[in-house]
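Take a look at the structure below. The paragraphs after it go from the overall fold down to single side chains.

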Amino acid sequence: LLNEMHSIFGTELAELTPDLEIYYKKYFTQRSLVVAFAEKYGDEFTKRINQIQDYEEQLATLKQRISSEEADLSNKQQQIEAERRRLDSLRASGRVNEYNAAVDNFNAQVEAYNAAVIRLKADIAEYNRLVAAHNNLASELRSLYDSLNTSLSPQSAR
């Protein structure tokens, strides 16, 4: 713990007491550059962690929207199927005027359904893109953490 504190104080803390600054001069000619590098390196971790959290929030929002869109599409599909059966019945019973009067509304329902399918597909594609970006960044962060792993493997101890 003391060795680690010794290293952290000298490399990560910008503000030290005058006595400590004098002490660390025997190890560093420009300690402030080392501290700046450590801050920059730490900022890279923070930036990635914040981006991962942002992805997770976006994914949660998109997941809710996709679920809502799927439920809405299911309802629209049931309405369209019911209206199709009604129109088929009107036509089969010779009620052509009523059938013709309802066709435009039916077509509008189908168009709205198709537009909703397009929106759903776009949201799913965006969700998949965000998952891939999230996973790539998480993998990158894991690699950074692994590169800092200070435990020695049997091979590296040789």
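What follows is a short walk through this model, which is predicted.

Start with the overall plan. The protein has four helices and zero strands. Read from the N terminus on, its elements run α-α-α-α. The radius of gyration is 31 Å, whereas the globule rule gives 15 Å for 158 residues, so the protein is more spread out than a compact globule. The outline can also be put as a box. Along the principal axes, the C-alpha atoms fill roughly 100 × 40 × 20 Å.

Next comes the surface. Of the 158 residues in the protein, 20% are buried. The protein exposes about 11700 Å². Carbon and sulfur atoms supply 53% of that area. Contacts across the sequence can be counted too. Take the contacts between residues at least 6 apart in sequence: 65% of them join residues at least 24 apart.

Now turn to helix α3. It covers residues 31-92. How far apart are the end C-alpha atoms of α3? They are 90 Å apart. The 62 residues of α3 should span 92 Å at 1.5 Å a residue, so the two values agree. After α3 comes Gly 94. The phi of Gly 94 is positive, near 80 degrees.

Helix α4 takes up residues 96-147. It has 52 residues. From its first C-alpha to its last, α4 reaches 75 Å, close to the 76 Å expected at 1.5 Å a residue.

The structure holds 11 salt bridges. Begin with one inside α3. Lys 47 and Glu 44 form a salt bridge, with N and O 3.4 Å apart. Both residues lie in α3, three residues apart, about one turn of the helix. Glu 44 is partly exposed, at a relative accessible area of 26%.

Move along to Arg 48. It forms a salt bridge with Glu 140, and their closest N and O atoms are 2.4 Å apart. This pair links distant parts of the chain, with Arg 48 in α3 and Glu 140 in α4. The two residues are 92 residues apart. Is Arg 48 buried or exposed? Arg 48 has a relative accessible area of 16%, so it falls under the 20% cut-off and counts as buried. Glu 44, Lys 47, Arg 48 and Glu 140 are linked in a network of salt bridges.

One more pair sits in α4. The side chains of Arg 129 and Glu 126 meet in a salt bridge, at 2.8 Å from N to O. Arg 129 and Glu 126 are three residues apart in α4, so about one helical turn separates them. Arg 129 is partly exposed, with a relative accessible area of 45%. Glu 126 is partly exposed as well, at 29%.

To recap, the protein has four helices and zero strands. The salt bridge of Arg 48 and Glu 140 links α3 with α4.

Notes:
Residues are numbered from 1 along each chain as its sequence is written. This is a predicted model: local features need pLDDT of at least 70, side-chain atom pairs count only at pLDDT 80 or more; totals for chains, interfaces and linings use all residues. Side-chain values use heavy atoms; hydrogens and water are left out. A salt bridge is a side-chain nitrogen of Lys or Arg within 4 Å of a carboxyl oxygen of Asp or Glu. Buried means under 20% relative accessible area, exposed over 50%, partly exposed in between (1.4 Å probe, protein chains only). The expected span of a helix is 1.5 Å times one less than its number of residues. The radius of gyration is taken over C-alpha atoms; the globule rule is 2.2 Å times the number of residues to the power 0.38. Contact means heavy atoms within 4.5 Å. Accessible areas come from the Shrake-Rupley method with a 1.4 Å probe; for residues, only the protein chains shown count as cover.
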